[in-house]
Amino acid sequence: MTDIPREHPRYESLMTREKIVEGIGIGITSKQGLVAQGRGEAFDYLIGERTTESAAFAERAAVAHILLAENPIISVNGNTAALVPESMVTLADVTGATLEVNLFHRSDARVHRIIEHLKSHGAGRVLGGSAEKRLDLSHDRAIVDEEGIFSADVVLVPLEDGDRCQKLVEMGKVVISIDLNPLSRTSLNASVSIIDNVTRALQNMTQFARDMKHDSRESLQEVINSYDNRKFIPDALYAIQERLKHQAEERGVQWI
Ligand code: ATP
Ligand code: MG
């Protein structure tokens, strides 16, 4: 791994990048995953590399949905397997959700390597290895497990494709996205749009899940009723605008 000095202003971001590179090295992440990560980094820079108050609210609402669900599923891809294996395993444990591997650039070998990787981080049951159902989509993310994403009532989709997100919503599922681009099709179509880095979002969600786990169904339902998903996108755009304005002022650049 490249040696990155702790005091580097982009330390966290560069360390995250290294994890994706390692993921490619051990055959769990695709090369295209690097490009997706780059796009995420750019949006994270714009949003200030922090969880906004609005995103934390979305994360809490998402946890309430997962805790109330009958069959909640956490969809795992090559990037999240490399970046946040422990957080996904812990979140599944605390909430009773099931992990399912679902890849755009799918090969059976890579699916099984990811399953083994998750198990080495303490995962119990991981679906996706013998997925046979197909959603009505033209790519391999259509392949889902009958007991998993196919029949789930709530699906957490970090770094999802816009068209699959839309399809899952059309199937009547509550779809929780984690995507730093507030204007991606995924963010625009999800039932709960978390606009945050998956590394921060999953850690926050695990903490919220521990705090909320013993709450009554009524109080979880209240958390859900009190949010308006249509606000999360304008909130993120406003955060980006304010951050850019602040950065410009700090550097003596005139703000339009
Ligand atoms: P869509 O398929 O929704 O139209 P897209 O094609 O622009 O979006 P993809 O390349 O399919 O995007 O997926 C990458 C998405 O994931 C980007 O929107 C990017 O901002 C986001 N992303 C990448 N890395 C992270 C990360 N670490 N945390 C959160 N989001 C991320
Ligand atoms: Mg896409």
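Leaving aside its neighbours within four places in sequence, which residues is leucine 180 in contact with? The tour of this predicted model returns to that point after a visit to the ligand.

Select ligand 1 and display the residues around it. There are 18 of them, and Arg39, Gly162, Asp179, Arg185 and Thr186 come nearest. By class, this shell comprises 6 nonpolar, 7 polar and 5 charged residues.

Next, examine the polar atoms. One oxygen atom of ligand 1 lies 2.9 Å from a polar backbone atom of glycine 162. An oxygen atom of the ligand is also 2.8 Å from an N or O atom in the side chain of aspartate 179. At valine 198, a polar backbone atom is 2.9 Å from a nitrogen atom of ligand 1. Taken alone, the ligand exposes 630 Å², of which the protein buries 87%.

Now colour helix 2 (32-47) and helix 8 (185-189), the elements that give two or more residues to the shell. Helix 2 supplies the largest share, 5 residues.

Proceed to leucine 180, in the loop between strand 7 (174-178) and helix 8. With a relative accessibility of 8%, leucine 180 counts as buried. In answer to the opening question, its contacts beyond four places in sequence are Gly40, Phe43, Asp44, Ile47, Ile195, Asp196, Asn197 and Arg200.

From there, select asparagine 197, in the loop between strand 8 (192-194) and helix 9 (198-212). Asparagine 197 is buried as well, at 11% relative accessible area. Residues up to four places away in sequence aside, asparagine 197 touches Asp44, Ile178 and Leu180.

Finally, highlight the positions that an unreviewed UniProt entry lists as "binding site", among them Arg17, Leu180 and Asn197. The listed positions span 182 residues in sequence, and their farthest two C-alpha atoms are 23.8 Å apart, so they do not all gather at one spot.

Key: Residues are numbered from 1 along each chain as its sequence is written. Chains are lettered from A and ligands numbered from 1 in the order in which they are written. This is a predicted model: local features need pLDDT of at least 70, side-chain atom pairs count only at pLDDT 80 or more; totals for chains, interfaces and linings use all residues. Side-chain values use heavy atoms; hydrogens and water are left out. A residue is near a molecule or strand if one of its heavy atoms lies within 4 Å of it. A polar contact is a pair of N or O atoms within 3.5 Å; within protein, one must be able to donate a hydrogen and the other to accept it, and residues adjacent in sequence count only if both atoms are side-chain atoms. Accessible areas come from the Shrake-Rupley method with a 1.4 Å probe; for residues, only the protein chains shown count as cover. Helices (H or I, at least four residues) and strands (E, at least two) are DSSP runs, numbered from the N terminus. Ala, Val, Leu, Ile, Met, Phe, Trp, Tyr, Cys and Pro count as nonpolar, Asp, Glu, Lys and Arg as charged, and the others, Gly among them, as polar. UniProt positions are given in the numbering used here, feature names are shortened, and annotations may be inferred rather than shown by experiment. Buried means under 20% relative accessible area, exposed over 50%, partly exposed in between (1.4 Å probe, protein chains only). Contact means heavy atoms within 4.5 Å.
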